[in-house]
Amino acid sequence: MSGDVAAASTHAASQVHRRRNTCRVCGSDRLTVFLSLGPMPLANAFLKSPDEFAGEPRYPLDLAFCSSCSLVQIVDVIDPRTLFSEYLYVTGISETIVASNRDHASALVKELKLGARDLVVDIASNDGSLLRCFQNAGVRTLGIEPAANIAEMARGGGIETMTMFFDGSAAEGVTDKYGRATVVIAKNVLAHVDDPADFLRGCRALAEESGVVSIEVPYLGDLLEKLEYDTVYHEHLSYFSMTSLLQLCERAGLTVERVQRVPVQGGSLRLHLRSSSADGSHSRDASDMAAREEGAGFADLSRYERFANHVLRNREELRGLLQRAKGDGRSIAAYGAPAKGNTLLNFCRIDTSLVEYTVDRNPLKIGLFTPGTHLPVYSVSTLLERQPDLTLLLAWNLADEIRDQQRDYEARGGRFIVPIPAPRFADSS
Ligand SMILES: [Zn+2]
């Protein structure tokens with residue numbers, strides 16, 4: 001199943017894949033690969049038909065640590081046009097994310113007293129669900145979204161949206177047309193860009209002199225503590241700690257004014273940034289956090305080598321559990337078809353010989369097959385229709401929401417398996 005990456009995809013890969021040998025923040029060549037998860041298909045490259053199973057491209061997926069600036073990063077870069085031009089992830093579908101957006105927007109509206117004269121720009125605005133919260137509060141909004149299909153969906157819902165990739169050179173075109181923004185929001189996108197310093201300089205140029213740049217990134221601390229290795233895929237190029245973020249912000253002329261840990265995407269950091277003034281020093285909470293990270297070994301390669309060993313052990317345990325259940329004649333399905341599920345399935349070599357299918361609420365994914373492992377994706381009603389004995393929770397970050405919606409499945413004896421940090425049954429805490 002793992003295929004031969006060199007033979008199968010060299011031709012196609014040569015145009016879309018390149019490998020870095022320097023750090024994408026500080027430029028140092030002191031990079032050490034500590035975990036190889038590939039060869040791996042692209043996490044969102046769902047397949048439309050079994051005809052596409054043969055010749056599916058796979059690429060290396062190596063996680064590296066920079067001993068100069070401590071940035072954890074993948075070194076295999078896929079052309080963003082391949083990754084993001086048509087996108088299947090729609091923010092508005094998860095209730096948890098919708099609620100988090102509502103809280104984020106209302107906090108900003110209140111704190112900055114935003115009104116009709118203010119402009120909020122959301123970069124990688126997806127279906128516009130975050131901006132809708134600002135629009136409802138009477139604030140002017142603009143979305144910037146690279147995926148044409150998703151941008152169209154946002155415009156259809158009344159959210160003005162430019163279809164484009166954002167970088168340092170894109171800011172001027174936006175401000176010429178719309179003026180500068182009181183707030184620039186970039187949620188879950190900084191980790192996706194190959195030159196994050198350039199991206200942040202663009203955010204800074206887009207914001208008014210006294211404006212706020214609000215970014216949200218998955219936090220490396222959560223990834224390490226909760227063993228969230230499945231959140232590693234080609235779209236996520238950087239895995240930020242506070243330590244590496246401080247260095248990055250300094251390169252972009254931004255100061256961290258506040259940092260908050262938020263429980264989305266497996267655990268994220270939400271940072272309030274402003275243009276650095278002459279004496280611009282980072283907030284106390286940010287410096288304290290960086291100090292705690294140093295104490296926890298975030299600047300040492302050995303911390304990441306330990307993580308890699310735990311990841312390998314997780315694979316053995318999860319495969320063992322599923323194989324024993326299968327051997328006992330149990331039926332096994334999965335819940336969710338998130339991008340991260342595809343890292344887990346492929347790395348753990350879980351295909352249709354172990355798990356028959358998965359189910360998802362996203363109508364764009366129903367009827368497709370998971371990349372690499374080829375699980376058919378059905379609608380969630382299938383779970384009650386077929387009542388599999390066990391269901392592997394690929395969307396473990398939404399476990400509470402899913403179990404709440406699927407009470408009947410559990411009431412009839414079905415059991416959910418949470419794969420990480422150690423495989424366990426969701427009903428036995
Ligand atoms: Zn570096």
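A residue counts as buried when its relative accessible area is under 20%, and Glu216, with a relative accessible area of 2%, is therefore buried. The structure described here is a predicted model, and a search of the whole of it finds 21 salt bridges. Its largest nonpolar core has 109 residues, and 4 of its strands form an open sheet with antiparallel pairing.

**Nonpolar cores**

- The largest nonpolar core has 109 residues, and those with the most contacts inside it are Ile123, Phe199, Leu200, Tyr229, Met242, Phe307 and Leu392.
- Helix α11, which spans residues 301–327, contributes 8 residues to this core, the largest share.
- Leaving aside residues up to four places away in sequence, Phe199 touches Ile123, Phe166, Ala186, Val189, Leu190 and Val193.

**The open sheet**

- The strands of the sheet follow the order β2-β3-β4-β11, and their pairing is antiparallel.
- Strands β2 (31–36) and β11 (238–239) stand at the edges with a single partner strand each, so one side of each has no neighbour in the sheet.
- The antiparallel pairing of β2 with strand β3 (residues 62–66) runs over 5 bridges, and Leu31 stands opposite Cys66 in β3.
- Helix α11 packs on the sheet, where it touches β2, β3 and β4 (72–74), and its direction makes about 15° with that of β2.

**Salt bridges**

- Lys187 forms a salt bridge with Glu216, the closest N and O atoms being 3.6 Å apart; this pair links distant parts of the chain, since Lys187 lies in strand β9 (residues 181–187) and Glu216 in strand β10 (residues 207–218), 29 residues apart.
- Lys187 counts as buried at 12% relative accessibility, and Glu216 is also buried, at 2%.
- Glu257 forms a salt bridge with Arg274, with the closest N and O atoms 2.6 Å apart, and here too distant parts of the chain are linked, with Glu257 in strand β12 (residues 254–262) and Arg274 in strand β13 (residues 268–275), 17 residues apart.
- Both partners of this pair are partly exposed, Glu257 at 35% relative accessibility and Arg274 with a relative accessible area of 24%.
- Arg155 forms a salt bridge with Glu152, with 3.2 Å between the closest N and O atoms, and both residues lie in helix α5 (residues 148–156), 3 residues apart, or about one turn of the helix.
- Arg155 is partly exposed at 33% relative accessibility, as is Glu152 at 47%.
- A network of salt bridges links Arg18, Arg20, Arg24 and Asp194.

Notes:
Residues are numbered from 1 along each chain as its sequence is written. This is a predicted model: local features need pLDDT of at least 70, side-chain atom pairs count only at pLDDT 80 or more; totals for chains, interfaces and linings use all residues. Side-chain values use heavy atoms; hydrogens and water are left out. A nonpolar core is a set of buried Ala, Val, Leu, Ile, Met, Phe, Trp, Tyr and Cys residues joined through side-chain atoms within 4.5 Å. Buried means under 20% relative accessible area, exposed over 50%, partly exposed in between (1.4 Å probe, protein chains only). Helices (H or I, at least four residues) and strands (E, at least two) are DSSP runs, numbered from the N terminus. Contact means heavy atoms within 4.5 Å. Two strands pair if DSSP finds at least two bridges between them. Axes are lines fitted to C-alpha atoms, for helices over the stretch in contact, and angles run from 0 to 180 degrees between N-to-C directions. A salt bridge is a side-chain nitrogen of Lys or Arg within 4 Å of a carboxyl oxygen of Asp or Glu.
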